[in-house]
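Here is a briefing on one protein model. Look at the structure first, then read the points below.

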Amino acid sequence: METRCFIDGEYKAAAKGGTFENINPANMQKIADVSAGTAEDIELAIAAATRCLNSDGWGYKSTGAQRAAILRKLGEIFTARLDEIARMDCLDHGKPKREAEADVNDAIAACSHFAMLAEKQDKDQDEVIENGTNGDFVTKIRLEPIGVVGMITPWNYPFLMGCWKVIPAIAAGCTMVLKPSELAPMSCILLGQMCLDAGLPAGALNVVPGLGQEAGAALTQHPKIDKISFTGSCPTAQRIMAAAAANGPRGLSLELGGKSPLIAFEDCDVDATVDWIITGFCWGSGQVCSATSRVLVHSSIRNAIIAKLQEKLAGITIGDSLGDNWTNTGAIMGPVINQVQYDKIWAFIDEAKANNVACAYGGERNLVKGLPGFFIPPCVFTDVSRSERVWNEEIFGPVLCVNTFETEAEAIAVANDSEYGLAGAVFSADLSRCARVGNALRCGIVWTNNCQPAFIQAPWGGVKKSGFGRELGRWGLEEFTSVKQVTSAASDFKWGLW
Ligand code: NAD
């Protein structure tokens with residue numbers, strides 16, 4: 001398993017020789033010592049990316065067709081190595097096998113979608129736009145790569161979050177320095193080699209694992225970065241914005257956290273709604289930016305929803321999904337990522353219990369007694385005061401808060417009463433009500449009668465403290481594309497100003 005920095009098409013140890021320990025959160029065993037990149041490695045990576053951007057084979061001189069061919073090949077490589085990549089994320093993150101496989105399949109779908117969009121860029125090149133001069137001037141639009149992009153990703157989807165940035169940036173012809181999370185860097189380190197194998201020129205993608213305050217900070221502070229694309233927490237985003245202002249200004253897109261509501265009206269299908277709620281807060285053990293963490297149910301179905309949640313949650317198998325020799329143990333809910341997150345999540349649960357918030361499920365450490373990793377059983381709080389921290393703050397763990405409402409207006413007001421605005425869901429048999437409520441939610445993603453699917457073709461991102469900019473779909477490609485106008489004089493018209 002490769003553990004070193006990938007710079008200019010080659011794996012090399014960090015310049016200062018440092019490493020950090022990478023732990024499997026499902027059994028607390030060491031996976032590997034990984035190279036801890038620092039400012040020196042970031043410098044080399046940015047130099048390689050800058051050279052490549054200006055080379056004949058890539059960057060400004062590349063075509064959409066060339067980029068599409070690389071992406072299609074990359075999709076074939078992901079398909080051939082699906083098992084290997086998924087296992088790597090299982091080990092690194094502790095996520096169940098089915099989740100890790102779903103992530104790789106999403107990345108495969110992204111390769112073909114962004115290949116198609118790259119080809120479309122060729123067709124859209126030199127589009128003539130109406131400029132209101134009756135032909136005296138002709139204005140054309142050139143689509144160009146935005147430049148050298150610094151990418152910083154979190155640990156909750158180790159491979160997929162890297163791919164959500166790298167694949168669209170390849171489609172746009174950019175060059176990149178990717179700094180994956182130090183908590184789960186392995187599959188992104190491998191991504192460097194896979195991109196090279198797919199035909200991406202050396203230097204186009206550089207991967208520098210390392211700590212946030214070292215490799216991450218050096219990347220965001222570097223003057224030769226044209227854009228930073230960041231996914232992670234709000235406090236880190238604030239530091240990155242300050243660095244972008246001090247060393248830029250430069251482009252920035254931020255995909256941050258959430259406290260996403262789900263509204264269930266009295267006419268919803270209770271059984272199906274509860275399945276979606278469980279997906280919403282147990283997938284990834286709740287370590288999902290769009291996780292369903294606040295459920296608002298109409299008071300008339302409160303008891304039915306809670307009873308169904310209790311029944312279905314009792315059937316979830318928690319544990320390490322990878323047994324000896326890679327056999328699938330059948331566990332469908334894994335651990336949380338590390339001791340820090342484990343302690344943080346239990347602190348939220350313990351505080352709510354100490355404040356006498358009713359707990360309808362979980363909330364007890366002995367439910368997962370005997371499991372060696374950082375396992376936390378699903379926890380459901382009910383009738384939660386809106387001043388409680390569990391109701392307001394992003395927990396990033398399998399903790400759900402349920403409250404009741406009486407009217408549609410009340411449900412909308414409470415759902416919108418959050419500093420975050422990533423996603424929201426509405427469940428009702430009345431589709432016009434779903435549309436009305438969905439339109440009233442202040443967030444970037446709305447699901448009606450479903451929750452959590454992310455489609456490669458659709459924009460992903462939030463409002464308020466959930467960040468700005470969009471990933472995926474044509475909007476994701478635009479984040480890495482610079483739009484240039486080229487205006488030519490087409491008559492002897494005199495501007496008449498001089
Ligand atoms: P984090 O902010 O702690 O770390 C994210 C990345 O930033 C890591 O690679 C880390 O090393 C790096 N980093 C840390 N300090 C840095 C600094 N000073 N300068 C530059 N880089 C630095 O977040 P996390 O704990 O890895 O991830 C969890 C957070 O990510 C949650 O808030 C979650 O909601 C959010 N998230 C959002 C999305 C989305 O699409 N909106 C997706 C996944 C995760």
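How many nonpolar, polar and charged residues does the shell around the ligand have? The shell has 10 nonpolar, 13 polar and 5 charged residues. Keep in mind that this is a predicted model. The domain assignment of the protein gives two parts: domain 1 (5-256 + 466-485) and domain 2 (261-448).

**The ligand shell**

- There are 28 residues around the ligand. Pro154, Gly212, Gly216, Gly232 and Cys289 come nearest.
- Both domain 1 and domain 2 give residues to this shell, so the shell lies between them.
- Two helices, H7 (212-221) and H8 (234-247), each supply at least two residues of the shell.
- H7 gives the most, with 5 residues.

**Helix H7**

- H7 is mostly covered, since 7 of its 10 residues are buried.
- The buried residues of H7 are Glu214, Ala215, Gly216, Ala217, Ala218, Leu219 and Thr220. One of them, Gly216, is also among the residues that come nearest to the ligand.
- What covers these buried residues includes two helices, H1 (39-53) and H8. It also includes strands S7 (148-152), S8 (175-179) and S10 (227-231).

- The C-alpha centres of domain 1 and domain 2 lie 31 Å apart.
- The contact between them takes 19 residues from domain 1 and 25 residues from domain 2.
- On the side of domain 1 that touches domain 2, helix H3 (82-93) and helix H4 (97-124) are the elements that give two or more residues.
- The residues of that side of domain 1 divide into 8 nonpolar, 5 polar and 6 charged.

**The sheet of 7 strands**

- This open sheet has 7 strands, in the order S14-S15-S16-S13-S12-S18-S19. The pairing is mixed.
- Which strands stand at the edges? They are S14 (358-361) and S19 (445-448). Each has a single partner strand, so one side of each is left without a neighbour in the sheet.
- The twist averages 25 degrees from one strand to the next.
- S13 (residues 292-298) and S16 (residues 399-405) run parallel and are joined by 5 bridges. Histidine 298 stands opposite phenylalanine 405 in S16.
- S12 and S13 also run parallel, with 5 bridges joining them. Serine 260 has threonine 292 in S13 as its bridge partner.

- Are the residues of S12 buried or exposed? S12 is mostly covered, with 5 of its 5 residues buried.
- In a regular strand, side chains alternate between the two faces of the sheet.
- Both faces of S12 are covered. Ser260, Leu262 and Ala264 are buried on one side. Pro261 and Ile263 are buried on the other.
- Helix H9 (residues 270-282) lies across S12 (260-264), S13, S16 and S18 (423-427). H9 runs at about 155 degrees to S13.
- Helix H10 (residues 302-313) lies across S12, S13, S14, S15 (379-382) and S16. H10 runs at about 50 degrees to S14.

**The sheet of 3 strands**

- Another open sheet has 3 strands, in the order S5-S6-S22. Its pairing is antiparallel.
- The edge strands are S5 (127-129) and S22 (481-489), and each pairs on one side only.
- The twist averages 35 degrees from one strand to the next.
- S5 and S6 (residues 137-145) pair in the antiparallel sense over 3 bridges. Glutamate 127 stands opposite isoleucine 141 in S6.

**A closer look at serine 62**

- Where is serine 62 found? Serine 62 is in the loop between H1 and helix H2 (64-80).
- Why does serine 62 count as buried? Serine 62 has 23 other C-beta atoms within 10 Å, and a residue is buried if 20 or more lie within that distance.
- Not counting residues up to four places away in sequence, serine 62 touches Arg67 and Gly173.
- Serine 62 and valine 446 are 384 residues apart along the chain. Their C-alpha atoms are separated by 36 Å.

Methods. Residues are numbered from 1 along each chain as its sequence is written. This is a predicted model: local features need pLDDT of at least 70, side-chain atom pairs count only at pLDDT 80 or more; totals for chains, interfaces and linings use all residues. A residue is near a molecule or strand if its C-beta atom, placed from the backbone, lies within 6 Å of it. Helices (H or I, at least four residues) and strands (E, at least two) are DSSP runs, numbered from the N terminus. Ala, Val, Leu, Ile, Met, Phe, Trp, Tyr, Cys and Pro count as nonpolar, Asp, Glu, Lys and Arg as charged, and the others, Gly among them, as polar. Domain bounds come from an automatic or database domain assignment. Two strands pair if DSSP finds at least two bridges between them. Axes are lines fitted to C-alpha atoms, for helices over the stretch in contact, and angles run from 0 to 180 degrees between N-to-C directions. Two residues are in contact if their C-beta atoms, placed from the backbone, lie within 7 Å. A residue is buried if 20 or more other C-beta atoms lie within 10 Å of its own, exposed if 12 or fewer, and partly exposed in between; C-beta atoms are placed from the backbone.
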